[in-house]
Amino acid sequence: MSETAPKPEDERSGGPAVWTRDFRLFFTARSVSTLGTGMVPVAMSLGVIQAGYGATGAGLTMAASIVPLALFILFGGVFADRFTPRRMMVGADAVRVLTQTVTATLFLTGTPTLWHLMVISAVNGTAAAMFQPGLASLIPQIATDVQRAVATQRTSESFMLLLGPSVAGFLVAYADVGVVFLIDAAGFAVSAACLALLRLRGVPRAAQEGSIWVNLKVGWREFRSRTWMWGVIVIWAVMGIAVFGPVFPLGAVIINDAYQATGYGFVTSAFGAGTILGGLVAMRVRPQRPLAAGALAMFFFALEPLSITLVLPLPLMAALHLVAGAGSAFWGVMWMTSVQTQVAPGVLNRVHAYEVAGSVIAVPIGQSLAGPVASLAGAREVLAVSSIVSVMGCVLLLSVPAIRRLRRVAATP
């Protein structure tokens, strides 16, 4: 116990408990690849539109990556437990080095066909499904202070996602769309190299025996045995359809109509800055009941759709988006810390895959329904309902005893 438990001075200073050699490698891997994640949607959308395929082509290309992610992420969790998360993550990064290099070549040498881009996006979505489940089990193996490590990682990712669109827009304007994809490919190469160099503590590989379907059943049994986990995911699925899905497309339309594209960019940047702020707060605040504290912070998220519904003055709207982003990020750290410390390592990747699948599937449904419902009821009216559902979702989180009473633990069982 004394070899793995964080020392008091580690928690105060963020020293050996987080900034170990292995965490620095992991931090570098996630930071550089997340920068590409922030750049690619902008570059792909602009590239597809410049190629003459319009907004419909851009939407199809983006959807082509989401569908495989939702379909295969459960298998990614099984494979991570069978073959170790690092092998799956390095392999997924290697695949994306190849696909993004091919995408860059297509743009740099001519006009790519839409179906080529959709196939590449589908391969990237499948690779992401193989990569994502392993994230849950790596941090407990490389940092003894899991919450601080999660918060540090999330803060860096928030910053990169905030920076990425601006970098992509600059490169597309002054260089070429293909250059963005070359940089993204290089980022995945750096990520693969850093992950391959990690020295991980031994974790039981419980999924080596039995078929894939048996392993999936075991993961499902572990997932549903935790009321606090499936309770959150059920509530999150409803919020994904009614809140998270509609707020982005409808918010873009309303804010753009009121304050033009520059106003929308300003508000979006304020939300991104809020996620950085929330991550910084989560590095210091250590509630004994993390999900209860996170649910209280998530009440602030309702300010985002509410401020858009009321079409508040731009500075006030941006300020409320900043607060909403901080609350959302704080919840995210509390949630991921709970998942990574409450679930045994042998099943963690599969359990994480189930909770991600429940979250990923709901948002596209909400996005696809937002337009038709808004055309019938009005965009501002839909977001008014989103504000109410967001508040009620947080009330439900706090009303479930298993969620409200879940206590913080220092390390994985």
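This is a short tour of the structure above, one selection at a time.

Before you start, note that this is a predicted model, in which local features need pLDDT of at least 70, side-chain atom pairs count only at pLDDT 80 or more, and totals for chains, interfaces and linings use all residues. Residues are numbered from 1 along each chain as its sequence is written, and side-chain values use heavy atoms, with hydrogens and water left out.

**Stop 1**

Select residues 314-342, which form helix H13. Helices here are DSSP runs of H or I with at least four residues (strands are runs of E with at least two), numbered from the N terminus. The expected span of a helix is 1.5 Å times one less than its number of residues. For the 29 residues of H13 that gives 42 Å, and the end C-alpha atoms are 42 Å apart, which agrees. H13 is mostly covered, with 21 of its 29 residues buried. Buried means under 20% relative accessible area, exposed means over 50%, and partly exposed lies in between (1.4 Å probe, protein chains only).

Now go to helix H5, residues 114-131. Its 18 residues should span 26 Å, and its end C-alpha atoms are 25 Å apart, which agrees. Colour the buried residues of H5 if you like; among them are Leu114, Leu117, Ile120, Asn124 and Phe131.

**Stop 2: a covered threonine**

Select threonine 103, in helix H4 (residues 85-109). Is threonine 103 buried or exposed? Its relative accessible area is 0%, so threonine 103 is buried. Show its side chain and you will find that it reaches the backbone oxygen of threonine 99 at 2.9 Å. This is a polar contact: a pair of N or O atoms within 3.5 Å, where, within protein, one must be able to donate a hydrogen and the other to accept it, and residues adjacent in sequence count only if both atoms are side-chain atoms.

Which residues does threonine 103 touch, not counting residues up to four places away in sequence? They are Met44, Leu117, Ile120 and Phe181, where contact means heavy atoms within 4.5 Å. You have already met Leu117 and Ile120 as buried residues of H5.

**Stop 3: salt bridges**

Side chains of opposite charge can pair when their charged atoms come close. A salt bridge is a side-chain nitrogen of Lys or Arg within 4 Å of a carboxyl oxygen of Asp or Glu. How many salt bridges does a search of the whole structure find? The search finds 7.

Begin with glutamate 157 and arginine 30, whose closest N and O atoms are 3.1 Å apart. Glutamate 157 lies in helix H7 (residues 146-174) and arginine 30 in helix H2, so the pair ties together parts that are 127 residues apart in sequence. Both glutamate 157 and arginine 30 are buried.

Next, select arginine 286 and aspartate 145, a salt bridge with its closest N and O atoms 2.5 Å apart. This pair links distant parts of the chain, 141 residues apart: arginine 286 is in the loop between helix H10 (227-284) and helix H11 (290-298), and aspartate 145 is in the loop between helix H6 (135-142) and H7. Arginine 286 counts as buried at 19% relative accessibility, and aspartate 145 counts as buried at 2%.

Then pick glutamate 222 and arginine 226, whose side chains meet in a salt bridge (3.0 Å, N to O). Glutamate 222 is partly exposed, with a relative accessible area of 22%, while arginine 226 counts as buried at 15%.

**Stop 4**

Most residues other than glycine have a negative phi, and most peptide bonds are trans. Select threonine 84, where phi is near 80°, a positive value in a residue other than glycine. Threonine 84 sits in the loop between helix H3 (54-83) and H4. Valine 311 also has a positive phi, of about 45°, although it is not a glycine. Look for valine 311 in the loop between helix H12 (303-309) and H13; this residue is partly exposed, with a relative accessible area of 27%.

**Stop 5: a nonpolar patch**

Finish by showing the surface of Ile241, Ile361, Ile365, Leu369 and Val373, which make a nonpolar patch of about 380 Å². Patches are made of residues with over 30% relative accessible area and no salt bridge; like charges are joined within 9 Å and nonpolar side chains (Val, Leu, Ile, Met, Phe, Trp, Tyr) within 5 Å. Accessible areas come from the Shrake-Rupley method with a 1.4 Å probe, and for residues only the protein chains shown count as cover. Helix H14 (residues 345-377) gives the most to the patch, with 4 residues. Leucine 369 lies in H14 and is partly exposed, with a relative accessible area of 43%.
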